[in-house]
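User: Hello! I am new to this structure and would like to learn how to read its cavities, pockets and helix packing. Could you walk me through them?

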Amino acid sequence: MEVVLAVNAGSSSLKFQIFTVESGEPSLHVRGAIDGIGTRPRLHATGADGAVLVDRTYTAAALADLPAAIGEARVWLESLEGLTLRAIGHRVVHGGPDYARPVLIDQAVLDKLATYQELAPLHQPNNLAPIHLVMEINREVPQVACFDTAFHRGHPPVAQAYALPIRFYDEGVRRYGFHGLSYEYVAERLAVVAPKAAAGRTIVAHLGSGASMCALEAGRSVESTMGFTALDGLPMGTRPGQLDPGVVLYLIAERGFTADGVTDLLYHQAGLKGLSGVSSDMRDLLASDVPHAAFAVDHFVHRAGLAAGTLAAALQGLDAFVFTAGIGEHSPVVRARIAERLAWLGAELDPAANEAGEMVISTPRSRVQLLVVPTNEELMIARHTLALVAATAPT
């Protein structure tokens, strides 16, 4: 049975899905992940029917880093029988100015992607690690890079530019936007489950440890809260979101921070974790009675409301608002609080539908439809990978 493997590698987790391709459209066969790398590692995988295939825990030392996790996942994946690997698709966060669509990976592409590591230090090195491993083991297996920036590359230059000397824009210093694979999937899904929203002016809120929002007009990205790097926009688990660049200048000039120190602060010590002093996990904050935990949640909701207003202005109105990703899909409390900030746009929440986790969580009279649409970045990766490999196969 021919399969495509979709890989989504992060700093503390390695997610993967196996899709069969016999019908032409990828069909889920196995879903798995290694979470808690370096702290409480766990390999867990299920079949398409939800049956548990493996559930294994490890000591922190046994899977101390991503390379070790990749090796363990490889051993387990190779134990699966009857599968012929057709191709591997990878989530790569930053495609820079060079890549506006998925691309087959060779050494030249890999070298180019490595130059963007400073633009996404939490993600890019981890995204590229499994690609390196596969190339060392078997260069004959086609690998495809699918970029989080690609979905936003149709933004007009006026939306991409910063007010810096134009030479910087020409050199690639511009607003890229991220979470594109998630937004692309949600846009396609809306066309099936909510055609009116898909055809209209919609904001999609990808709310998780990484968080952003995207303005869609007839399914096409026209604006995003993230910019040159994945630091911008909404506050996140450990990243601050929108920040006056003068703060960075102050930290360097007055507080003696080095570039490495600022990088560590902004990528690892800020966001919900920094504000709360408790956790980067929204679930922990909502359960905590520590005042700073509540303050961190208040700040998250406040900034989400402001971002929604900005994107509604970009769209010149709003027809629908979609919640997706970990917080967006699973936290009715956060959904309700953000929905309150959308009342001025005509949004009216149905509390019972929201608590029940239904797809439509607005009332029938709401002028702005509120929806919850689970994302599936791995399926998007598999679709792109299968299409590109088929298109480039020798005839």
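**Reading spaces and packed helices**

Analyst: Let us begin with the inside: the largest cavity has a volume of about 30 Å³. A cavity is a set of points on a 1 Å grid over the protein atoms alone where a 1.4 Å probe fits but cannot get out. Grid points are joined across faces, edges and corners, and the volume is the space filled by probe spheres set on the points. The count by this rule is one cavity of 30 Å³ or more. This is a predicted model: local features need pLDDT of at least 70, side-chain atom pairs count only at pLDDT 80 or more, and totals for chains, interfaces and linings use all residues. Residues are numbered from 1 along each chain as its sequence is written, and side-chain values use heavy atoms, with hydrogens and water left out.

User: Which residues line the largest cavity?

Analyst: Lining residues have an atom within 4 Å of a point. Here they are Ala187, Leu190, Ala197, Ala198, Thr202, Leu216 and Gly219. The elements giving two or more residues to this lining are α6 (180-193) and α7 (195-199). Such helices (H or I, at least four residues) and strands (E, at least two) are DSSP runs, numbered from the N terminus. The cavity lining divides into five nonpolar, two polar and no charged residues. In this scheme Ala, Val, Leu, Ile, Met, Phe, Trp, Tyr, Cys and Pro count as nonpolar, Asp, Glu, Lys and Arg as charged, and the others, Gly among them, as polar.

User: What is the volume of the second largest pocket?

Analyst: A pocket is an open set with protein on both sides within 12 Å along at least five of seven lines. The second largest pocket has a volume of about 1,000 Å³. It is lined by 35 residues, and those closest to its centre are Tyr162, Thr229, Leu231, Asp232 and Leu243. Two or more lining residues come from each of β11 (220-224), α8 (245-253), α9 (259-269) and α12. Helix α12 gives the largest share, six residues. By class, this pocket's lining has 21 nonpolar, eight polar and six charged residues.

User: How do α8 and α9 pack?

Analyst: Two packed helices are described by the angle between their axes and the distance between the axes. Axes are lines fitted to C-alpha atoms, for helices over the stretch in contact, and angles run from 0 to 180 degrees between N-to-C directions. For α8 and α9 the angle is about 135 degrees, with the axes 10 Å apart. They are therefore oblique to each other; angles under 35 degrees count as roughly parallel, over 145 as roughly antiparallel, 65 to 115 as roughly perpendicular and the rest as oblique. Val248, Leu251 and Ile252 of α8 make the contact with Val262, Leu265 and Leu266 of α9, where contact means heavy atoms within 4.5 Å. The residues of this contact are six nonpolar, no polar and no charged.

User: And at what angle do α12 and α14 pack?

Analyst: Helix α12 (residues 291-315) and helix α14 (residues 332-341) pack at about 45 degrees, their axes 9 Å apart. That makes α12 oblique to α14. From α12, the contact uses Val297, Asp298, Phe300, Val301, Ala304 and Gly305, and from α14, Val334, Arg337, Ile338 and Arg341. By class there are six nonpolar, one polar and three charged residues in this contact.
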